[in-house]
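Subject: Structure handover

Hello,

Here is the structure I promised to pass on to you. Have a look at it first, and then read on for my notes.

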Amino acid sequence: MAGSLILVIWMFLVPLLAGGIPAAGMKKDRTGGDWKKLIFKWISGQMLLWAVFGLLAVIPIRKGMSFEVLFYGYLGISLMLALIGGVLWVLGCRKRKVSFRLVYGFEKEQGKWYKVLWILFAALLLFQLVQAVRLTYGDGDDAFYVAVSSIAAESNEMYSKLPYTGGSTGLDYRHGLAPFPLWLAFLSRISGLKAVTVCHIAAPLMLIPMTYGIYWLIGRKLCKKGRKDKLPLFLIFTELLVLFGDYSIYSVENFMIARSRQGKAALGSIIFPFLIYVFLLLLERLEEKEKAEWMLWVLLACTVTSACLCSTLGAFLVCLVTAIVGLCSAVCYRQWKFLFPMAACCIPAVFFALLYLIS
């Protein structure tokens, strides 16, 4: 029970508090205040922590250090970020009336049908969570990824043992530069639970709601200007696409439900949707000829770095997507200065890509 409580704290409470840092650097959103919402703080805080973990893991992995070095380093920095975010949150609450609504638009005038739609969305989400845990199975890739998490959590070895046999091996940079399994090993070590339990049970219970939280944020942007009553419908249809998206073992929907514990699943289900959301915020300010908050660029850089944590290929993909969005935006709005901060946010991904190419 104590281990489960610690796991909940590190999967939900610590990122939520750390999310007070990006929320404090944003001005009030014109469509209802995303920065006040717990969902935005939780997801943005997790992006910040993932970025820190990815950058922090580079040197210990390359130098063949013990997992304890990474464990205690990330533990200290996470607590510091959570403390800073919590202080900023409290200071912000003293200046305004605090609202803890998780879902926007639960006003009485919306009617019973509107509430029924939200209840249906919650029921479908609960069904997916139950099925993701109840029908969990050992995917072929688990022989590598889950084994890496188990070895790191129990023997402090990082990519120096063969996951299949336990024998010694050299560092595989393709996997070593995308240490998402080590983040799961951190959760296993700090909670005292087995890495297999964390990967197959705890990870889906966090990452699947996180995915729908991002789609909720995107839906609020798409359904604004008098169409917010369509938001629950947008989320319900998203759930239906996921439920009936298992047409291939390589589909994003399959990765999201059945293989959410793997970094490449987080890349497709979480990183890129949140990247789209950040682009929506940036382009919204560009369209209205407003200057984007500096923290918004920091959040974009954190998302790019988090992609590198999840997959080595993510470093190349996020640079490609960011370059396309930046060039199209600069041409459409004739704002060529927009390219410079966009390029600066890709520096972490370029660093990881170069590190992979020269290794």
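Leucine 241 is a handy place to start: its relative accessibility is 60%, so it counts as exposed, the cut-off being over 50%. Before going further, please keep in mind that this is a predicted model. You will find leucine 241 in helix H11, which covers residues 231-243.

**Salt bridges**

How many salt bridges does a search of the whole structure find? The count is 7.

One of them joins arginine 261 to aspartate 142, with 2.9 Å between the closest N and O atoms. This pair ties together distant parts of the chain, 119 residues apart: arginine 261 sits in the loop between helix H12 (252-258) and helix H13 (263-287), while aspartate 142 belongs to helix H7 (residues 142-155). Are the two partners buried or exposed? Arginine 261 has a relative accessibility of 4% and therefore counts as buried. Aspartate 142 is buried too, because its relative accessible area is 8%.

Lysine 194 and glutamate 154 form another salt bridge through their side chains, at 3.9 Å from N to O. Here again the pair links distant parts of the chain, 40 residues apart, with lysine 194 in the loop between helix H9 (180-191) and helix H10 (195-222) and glutamate 154 in helix H7.

Glutamate 293 has a relative accessible area of 9%, so it is buried. Arginine 285 is buried as well, with a value of 1%. Both belong to a network of salt bridges that links Lys221, Glu284, Arg285 and Glu293.

**Cavities**

The search of the whole structure also turned up 6 cavities of 30 Å³ or more. I looked at the second largest cavity, which has a volume of about 50 Å³. Its lining is made up of Gly54, Ala57, Val58, Ile61, Arg62, Leu171, Gly176, Leu177, Pro179 and Phe352. By type, these lining residues are 7 nonpolar, 2 polar and 1 charged. Which helix gives the most to this lining? That is helix H4 (residues 58-62), with 3 residues.

Leu313, Phe316, Leu317, Val350, Leu354, Tyr356, Leu357 and Ile358 together make a nonpolar surface patch of about 740 Å². Two helices, H15 (312-333) and H17 (347-358), each supply at least two of its residues. H17 gives the most, with 5 residues.

Phenylalanine 316, one of the patch residues, is found in helix H15. At 34% relative accessibility, phenylalanine 316 counts as partly exposed, because the value falls between the 20% and 50% cut-offs.

Alanine 323 is also in helix H15. Alanine 323 is partly exposed, with a relative accessible area of 38%. From alanine 323 to valine 252 it is 23 Å in space, C-alpha to C-alpha, and 71 residues in sequence.

**Two backbone angles to look at**

Most residues other than glycine have a negative phi. Asparagine 156, although not a glycine, has a positive phi of about 65°. Asparagine 156 lies in the loop between H7 and helix H8 (173-176). Is asparagine 156 buried or exposed? Its relative accessibility is 19%, and since buried means under 20%, asparagine 156 counts as buried.

Arginine 334 also has a positive phi, of about 55°, without being a glycine. Its place is in the loop between H15 and helix H16 (339-345). Arginine 334 is exposed, with a relative accessible area of 66%.

Best wishes

Notes
Residues are numbered from 1 along each chain as its sequence is written. This is a predicted model: local features need pLDDT of at least 70, side-chain atom pairs count only at pLDDT 80 or more; totals for chains, interfaces and linings use all residues. Side-chain values use heavy atoms; hydrogens and water are left out. Helices (H or I, at least four residues) and strands (E, at least two) are DSSP runs, numbered from the N terminus. Buried means under 20% relative accessible area, exposed over 50%, partly exposed in between (1.4 Å probe, protein chains only). On a 1 Å grid over the protein atoms alone, a cavity is a set of points where a 1.4 Å probe fits but cannot get out, and a pocket is an open set with protein on both sides within 12 Å along at least five of seven lines; lining residues have an atom within 4 Å of a point. Grid points are joined across faces, edges and corners, and a volume is the space filled by probe spheres set on the points. Ala, Val, Leu, Ile, Met, Phe, Trp, Tyr, Cys and Pro count as nonpolar, Asp, Glu, Lys and Arg as charged, and the others, Gly among them, as polar. Patches are made of residues with over 30% relative accessible area and no salt bridge: like charges are joined within 9 Å, nonpolar side chains (Val, Leu, Ile, Met, Phe, Trp, Tyr) within 5 Å. Accessible areas come from the Shrake-Rupley method with a 1.4 Å probe; for residues, only the protein chains shown count as cover. A salt bridge is a side-chain nitrogen of Lys or Arg within 4 Å of a carboxyl oxygen of Asp or Glu.
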